[in-house]
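I set out to look up how this chain is packed, and I record the entries below in the order in which I made them.

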Amino acid sequence: MGNKVLIVDDEPDIRELLEITLGRMDLDTASASDLAQARSLLAGSDFHLCLTDMKLPDGNGIDLVRDIQNNYPNIPVAVITAHGSTETAITALKSGAFDFVSKPVDIRKLREMVKTALKLEHELPARPGEPEDMPLKLVGNSAQITRLKEQIVKLARSQAPVFISGESGSGKELVARSIHAQGPRRENEFIAINCGAIPSELMESEFFGHKKGSFTGAHSDKAGLFQAASGGSLFLDEIADLPLHMQVKLLRAIQEKSVRPVGSQTEEPVDVRLLSATHKNLAEEVEKGNLRQDLYYRINVIELHVPSLRERRNDIPLLARHYLELIARENGMPEAGISEEALGMLQNYSFPGNVRELENILQRALAMAENNIIQVQDLPPLKNHIIEAGAPASATHESQPMVTLAEDFSLERHLEEIERAAIEQALEETRWNKTAAAKKLGMSFRSFRYRLKKLGVD
C-alpha cells in the first residue's frame with residue numbers, strides 16, 4: 001500500500017466507516033480523535049491525504065487545515081461538514097481545504113474525491129507553470145501576469161469554486177482552461193458555457209439534460225453540460241446573465257453535487273470543478289437583485305482577477321509576436337512580423353477590447369501588409385484611445401475620447417468603424433450567436449441583421 005490517508009474524527013463509527021471504505025481502495029490509513037493526536041501523527045509519518053471533521057474536542061477542523069497548509073503544503077485536506085452547512089464548507093475552502101464531503105457521507109462521492117486528491121501527488125507536473133502541451137498559453141512576463149500564473153498553479157491544486165473577474169477580452173476563459181489543465185482533472189473534459197448565449201427556455205435542458213418525451217421535441221434522452229463535464233471542469237462565462245430561476249437550480253446542483261434532468265423524478269450525481277466569470281461587478285449585481293446572494297457566496301469562494309492589457313503594456317510586443325506566429329501558421333505563411341514603429345503605436349493604445357482586440361487588429365493589419373510585415377500604415381485608426389506618453393498603465397478610456405479631424409476625416413466612416421467594432425465584439429463574446437449578440441447590443445434581431453449586411457460583417 002503506497003498511499004496513506006490521515007482520518008481525523010472524534011466519532012468512532014465515522015472513523016471506522018472511512019477506514020473500511022479507504023481500505024477497500026487499497027489505501028493505508030491512520031486515525032486520530034482530536035487535533036493533538038492528528039498533529040502528532042503528521043509529525044511522525046508521511047501522508048498523501050487528510051480527511052478531517054469540522055468539530056473536534058480540542059479545536060476546529062479549520063485549524064488543522066491551516067496547520068497543514070503552513071507545514072505540509074503538499075498534503076491535500078478534505079473536511080467533513082454537517083449536511084447543509086454551506087458557510088462552514090466555504091470557510092474551509094477559503095482556508096485552503098482541497099474539497100469537502102457532507103454528512104451523512106456518500107461513499108461514491110467520497111471515493112471520487114479521494115481519487116481526485118491523490119492525482120495531485122502522482123500526475124501533476126513537478127515544476128510550476130503551464131504544461132508544454134497546452135495549445136493556448138498565458139503570454140507575458142510582466143509582474144501582473146507572473147503573479148497570475150503563480151495564483152493559477154496554487155488554485156489548480158484545489159477543488160474550490162473560482163470566480164474569474166476581468167474586462168471583456170482580457171482572457172478569462174484562457175485562465176479557466178489553464179486552471180483545469182494544471183489540475184488533477186486535466187485528463188477529463190473542460191466545458192465552457194456562455195450563459196448569455198443560451199435561450200432562457202432551453203437553459204435547464206442544456207445544463208442538466210432531459211428525458212425522452214419531457215417536452216415537445218425531446219425525442220430521446222439527452223445528457224446536459226453538467227453530465228458531460230463530470231470528472232472534469234465546467235466554466236460558466238457571463239454567469240451574471242443567468243435568469244433567477246436558473247440561479248436557484250444551479251445553486252442546488254453545486255451544493256448537492258447532483259442534477260435532475262428535465263422530466264426525471266430522480267437526481268443524477270455529477271462531479272465537476274466549477275469555474276465562473278463575468279465582466280460585470282458581482283457585488284453590484286447582487287445589490288440590484290440580478291444575482292442571488294447565496295449563489296454569489298457559493299461561486300465567489302476564491303476570486304482571481306485577470307489584468308487588463310493596458311495594465312500590462314510591456315507584454316504587448318511579446319503578445320503581438322505570439323499571435324502573429326499563430327496567424328501565420330493558421331494561414332500557411334512562412335512567417336509574419338511587425339515593425340518597431342507599429343509596435344510602439346500598439347503599446348501606446350489603451351485596448352478597450354484587451355487581448356481579443358489586439359488579436360483582431362493584428363489579423364486585419366496582416367491582411368493588408370506587404371511582405372507579411374505590419375507597418376504603422378497597416379494598423380487601423382487607433383487615435384481615439386491613444387494613451388499619452390508618460391500616462392500611468394492604469395490610464396483608461398473612461399474620459400471623453402478625442403477625435404483627430406484629419407483632412408480626409410469622414411464622420412460617417414468613423415461611426416461605421418465604431419459600430420463594426422461593437423458588433424464584432426458582441427459576436428465574439430457570444431461565440432457568434434447572432435440572437436444573443438443582438439440582445440447584448442440592445443437591438444432587435446432584424447435591425448442587427450440589417451447592420452451586418454450594411455457593414456459587410458460576415
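**Entry 1: the chain as a whole.** I began with contacts (heavy atoms within 4.5 Å): of those in the protein chain with a separation of 6 or more, 70% are between residues 24 or more positions apart. The model is predicted, so I note that local features need pLDDT of at least 70 and side-chain atom pairs count only at pLDDT 80 or more, while totals for chains, interfaces and linings use all residues. Residues are numbered from 1 along each chain as its sequence is written, and side-chain values use heavy atoms, with hydrogens and water left out. I found 18 helices and 16 strands in the protein chain; these are DSSP runs numbered from the N terminus, helices being H or I of at least four residues and strands E of at least two. Of the 458 residues, 47% are buried (under 20% relative accessible area with a 1.4 Å probe, protein chains only; exposed is over 50%, partly exposed in between).

**Entry 2: Ser233.** I located Ser233 in strand 10, residues 233-237. Is Ser233 buried or exposed? Ser233 is buried, because its relative accessible area is 2%. I listed its contacts beyond four places in sequence, which include His180, Arg185, Glu189 and Arg273. The side chains of Ser233 and His180 are joined by a polar contact of 2.7 Å (a pair of N or O atoms within 3.5 Å; within protein, one must be able to donate a hydrogen and the other to accept it, and residues adjacent in sequence count only if both atoms are side-chain atoms). I also noted Ile179, which lies 54 residues from Ser233 in sequence and 9.2 Å from it in space, C-alpha to C-alpha.

**Entry 3: helix 2.** I then examined helix 2 (residues 35-44), where Leu35, Ala38 and Leu42 are buried. Seen down the helix axis, the buried residues fall within an arc of 60° and therefore line one face of helix 2; the arc is that of the directions from the helix axis to the C-beta atoms. Ser40, Ala43 and Gly44 are exposed on the other side of helix 2. The cover over the buried residues of helix 2 includes strand 1 (4-8), strand 2 (28-32) and helix 3 (61-71). At the start of helix 2, I found a side-chain oxygen of Asp34 within 3.4 Å of the backbone nitrogen of Ala36.
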